[in-house]
Amino acid sequence: MARNITPRSENYSQWYLDVIKAAELADYAPVRGCMVIRPTGYAIWEQIQHYMDEAYKKTGHVNAYFPLLIPYSFFNKEAEHVEGFAPEVATVTHAGGEELEEPYAIRPTSETIIGYMYSKWVHSWRDLPVLINQWCNVMRWEKRSRLFLRTSEFLWQEGHTAHATAKEAQEETLRMLEVYRQVIEDDLALPIICGEKTEGERFPGAVNTYTCEAMMSDTKALQAGTSHFLGQNFAKAFEIQFQNREGGVEFCWTTSWGTSTRLIGAVIMTHSDDDGLILPPRIATTKAVIMPISTDENYADDVLLPRAKELAAQLNEALGGLHVTVDTRFDLRAGDRFFTHIQKGVPLRIELGEKEMKSGTVRIVRRDTGEAVSVAMDAVCPTVKELLNNIQDNLYNRAKKFRLEHTYKAETYDEMKAILEEKGGFVEVYFGGTPDDERRIKEETGASPRCMPLAEADKRGKCIITGKEGRLTIFAKAY
RNA sequence: CGGGGCGUAGCGCAGUCUGGCUAGCGCGCACGGUUCGGGUCCGUGAGGUCGGAGGUUCGAAUCCUCUCGCCCCGACCA
């Protein structure tokens, strides 16, 4: 167990790594750019999967699975797609001791092979829409890696849908963006800005790309999820066609959308402090830990432990799941026991010692603020429920406050440059430039257009580059 | 792939420039005592083929060559 964590203000990258290691979330694997997700980290992923799958039940999506290996030639069928992904695709050239006639790509994303399969499955307007999601791993050979944020291999979900009309597909694209918003904001307590990507930031092969942008606690941006309207690009490349009601043949309109284990990185970078991880209650598998405290072994075993177990059972009943555990490590000192849970981000610590037994109370300490309250034994369940809700809200609110405090407006390019250099954060400007302009800005400032917020999609103003009409756009340095 | 830096105990490092006792230190770990409500204090101990290969030398963690890997900044990206 790491004893000390580098302060966030001192070295942000190191702090981030320390939090991950101290909370035992992940570790480096002996494979370039790859990570091992440890049980504690994977538990968070399972929570995210749970909430996403719950959402799919409402939206009518179903899970399926497609192969890890994709014939490389599939990528060549969509010009922009191959151009965008070729540099980071890993390929399999040998198998069974022989060189393969055609190499396989290890999927960096599955539009191609799923498009191929959809072309076999879709024939009639009655077959539409196809609403499929897959939970899987993908591989992108990035130049640089960072645990959870960017690793060569990562876990994600990718949804792929096919529709009869452009309107339906566009609606689907935004519907899924909204699903992401709900899970990310309500369950992960990450305030985000939903918006449209500029042309230069679009998914390779997409007509339009939407995104959920979050601000990390160093004021840099992180894309937390994306949803793409693919138009008929992939349908034409893979001949996904259907006969309409009138008997004519049409190409489908498709969408794709994804979120990854990067969300875990976003949770870490948004909520944690210098003591370690802070988990929003809704994604914490252990929501509270009960700590019987006594130096008297007999008292601990005979009096405290039974009471603690009883309390845990009551709480688990009230919370509807196995969310409360009892820390029985009496061989460690109280401070050491506290810190293991603090570092792992357990939202509540419930202390039960001789003092509490006498007064018929427990002491409840919340991880997000460190505040402690004494609560009568029979009021524990409602108080814990309430505190968990408070913590969930507080984490969201304080992250949102932080983002607002680090969001600026600029009228001119020079103004934006000055803000990015001096303060960092998000800068709202009007922008109507080309991908070349975006590239230039990135080179000169290190910042890229994060998105054009949907909430203010109608706003128009003078573009900081061209001087012509532009849309409200957020620029920021990003992960 | 460009620019910088680093591989010495589980983790973090010193030692390398200027080759030389038995390769050190802090944390962690094990054991004993002492403490015990936010990281007690003291003692004892285990743990290393100094990233790998080759070379120079009486002698290499230290110098030379090659190689593998990692980190940071950039470009690329969920």
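In strand β6, Y104 is the bridge partner of P71, and that pairing belongs to one of the two open sheets described below for this predicted model. Residues are numbered from 1 along each chain as its sequence is written, while chains are lettered from A and ligands numbered from 1 in the order in which they are written. Because the model is predicted, local features need pLDDT of at least 70 and side-chain atom pairs count only at pLDDT 80 or more, whereas totals for chains, interfaces and linings use all residues.

**Confidence**

- Chain A averages a pLDDT of 93, and 99% of its residues score at least 70; pLDDT is the predictor's confidence in each residue, on a scale from 0 to 100.
- For the model as a whole, the scores are ipTM 0.83 and pTM 0.95.

**The sheet of β4, β6 and β5**

- Three strands form an open sheet in the order β4-β6-β5 with antiparallel pairing, where strands (E, at least two residues) and helices (H or I, at least four) are DSSP runs numbered from the N terminus, and two strands pair if DSSP finds at least two bridges between them.
- β4 and β5 stand at the edges of this sheet, each with a single partner strand, so one side of each is left without a neighbour in the sheet.
- Neighbouring strands of this sheet are turned against each other by 50 degrees on average, direction ignored; the axes are lines fitted to C-alpha atoms, for helices over the stretch in contact, and angles run from 0 to 180 degrees between N-to-C directions.
- Strand β4 (residues 69–71) is joined to strand β6 (residues 98–106) by three bridges, the two running antiparallel, and in β6 the bridge partner of I70 is A105.
- Strand β5 (residues 90–95) pairs with β6 in the antiparallel sense over five bridges, and A95 stands opposite E98 in β6.
- The hairpin of β5 and β6 has two residues between the strands, and there G96 takes a positive phi near 60 degrees.

**The sheet of β16, β15, β17, β18 and β19**

- Five strands form an open sheet of mixed pairing in the order β16-β15-β17-β18-β19.
- Its edges are β16 (324–326) and β19 (372–376), each with a single partner strand, so one side of each is left without a neighbour in the sheet.
- From one strand to the next, the twist averages 25 degrees.
- Strand β15 (residues 288–293) runs parallel to β17 and is joined to it by six bridges; in β17, the bridge partner of I290 is I350.

**Domains and their contact**

- Chain A is divided into domain 1 (12–271), domain 2 (286–389) and domain 3 (407–476), with bounds that come from an automatic or database domain assignment.
- The C-alpha centres of domain 1 and domain 3 lie 27 Å apart, and their contact takes 15 residues from domain 1 and 16 residues from domain 3, two residues being in contact if their C-beta atoms, placed from the backbone, lie within 7 Å.
- On the side of domain 1 that touches domain 3, β9 (192–196) and β10 (208–215) each supply at least two residues, and the largest share, four residues, comes from β9.
- The residues of that side of domain 1 divide into four nonpolar, five polar and six charged, with Ala, Val, Leu, Ile, Met, Phe, Trp, Tyr, Cys and Pro counted as nonpolar, Asp, Glu, Lys and Arg as charged, and the others, Gly among them, as polar.

**The surface near RNA strand B**

- Of the 42 residues around RNA strand B, K143, Q223, G335, E351 and G353 come nearest; a residue is near a molecule or strand if its C-beta atom, placed from the backbone, lies within 6 Å of it.
- β11 (221–229), α9 (334–344), β17 (348–353), α10 (354–359) and β18 (361–366) each supply at least two residues of this surface, and the largest share, six residues, comes from α9.
- By class, the surface near RNA strand B has twelve nonpolar, twelve polar and 18 charged residues.

**Backbone exceptions**

- Most residues other than glycine have a negative phi, and most peptide bonds are trans.
- A cis peptide bond with omega of about -5 degrees joins L128 and P129, and P129 has its place in the loop between α4 (111–121) and β7 (130–139).
- F148, although not a glycine, has a positive phi of about 70 degrees, and F148 is found in the loop between β7 and β8 (153–163).
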